[in-house]
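Dear colleague,

Please find the structure below. My notes on what was found in it follow.

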Amino acid sequence: SHADSSKIKFSNGWIKQLPPVIQMRAAYMQISNPTPVPATISALQSDAFETVEMHETMMGDGMMKMVRLDSIVLAPNSLVELKPGSKHLMLISPKRALNIGDQITLNVTFSDKTTQTVQLEIRK
């Protein structure tokens, strides 16, 4: 069984501001699953970017590399932190200019096909 995704809490969501010529942005946040069953994030979408992918920075062959994830599993009664050097979101090809303080909408789809909308702020 899966957690009631409406009980999953997203907090402190932000995107690092970068020069407009850079076509990728990283997004970070905390995701809390206060329920006794796991939940799985299976897809992400934003109207401000062409593509949103889940990634994790890992050590492999003596080098740090980014690995694309198919999903992010939220264990029961857990907090998952998306942060630099760990799991994070890659936002690819902005569809418009992004300024510090702008709010970006992120649509999160869970494996049970339910969705939640999260706001991310552009920060320095």
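**Salt bridges and exposure**

K65 counts as partly exposed because its relative accessibility is 40%. The cut-offs are these: buried means under 20% relative accessible area, exposed over 50%, and partly exposed in between (1.4 Å probe, protein chains only).

Before the rest, a word on the source. This is a predicted model, in which local features need pLDDT of at least 70 and side-chain atom pairs count only at pLDDT 80 or more, while totals for chains, interfaces and linings use all residues. Residues are numbered from 1 along each chain as its sequence is written, and side-chain values use heavy atoms, with hydrogens and water left out.

K65 has a salt-bridge partner, D61, at 3.8 Å from N to O. A salt bridge here is a side-chain nitrogen of Lys or Arg within 4 Å of a carboxyl oxygen of Asp or Glu. D61 is exposed, at 75% relative accessibility.

The rule gives five salt bridges. Among them is the one between R68 and E53, at 3.3 Å from N to O. This pair links distant parts of the chain: R68 is in strand β5 (residues 63-69) and E53 in strand β4 (residues 49-60), 15 residues apart. Strands (E, at least two residues) are DSSP runs, numbered from the N terminus. R68 is exposed, with a relative accessible area of 55%. E53 is buried, at 15%.

R96 and D102 form another salt bridge, with the closest N and O atoms 4.0 Å apart. R96 is partly exposed at 40% relative accessibility. D102 is also partly exposed, at 21%.

**Core**

The largest nonpolar core has 29 residues. Such a core is a set of buried Ala, Val, Leu, Ile, Met, Phe, Trp, Tyr and Cys residues joined through side-chain atoms within 4.5 Å. F10, I41, L74, L89 and L106 touch the most other members. Strand β9 (residues 103-110) gives the largest share of this core, four residues.

What does F10 touch beyond its neighbours within four places in sequence? Its contacts (heavy atoms within 4.5 Å) are M29, Q30, I31, I41, V108, F110, Q116 and V118.

**Aromatic pairs**

The whole structure holds two aromatic pairs. Rings of Phe, Tyr and Trp (its six-membered ring) pair if their centres lie within 6.5 Å; planes under 30 degrees apart count as stacked, over 60 as edge-to-face and the rest as tilted.

F10 lies in strand β1 and F110 in strand β9, so the pair ties together parts that are 100 residues apart in sequence. Both F10 and F110 are buried.

The rings of W14 and Y28 are also tilted, because their centres are 5.0 Å apart and their planes at 45°. W14 lies in strand β1 and Y28 in strand β2, 14 residues apart in sequence. Y28 is buried, at 10% relative accessibility.

Leaving aside neighbours within four places, W14 contacts A26, A27, Y28, L120, E121, R123 and K124.

**Surface**

V21 sits in the loop between β1 (9-16) and β2 (24-33). V21 is exposed, at 72% relative accessibility.

Best wishes
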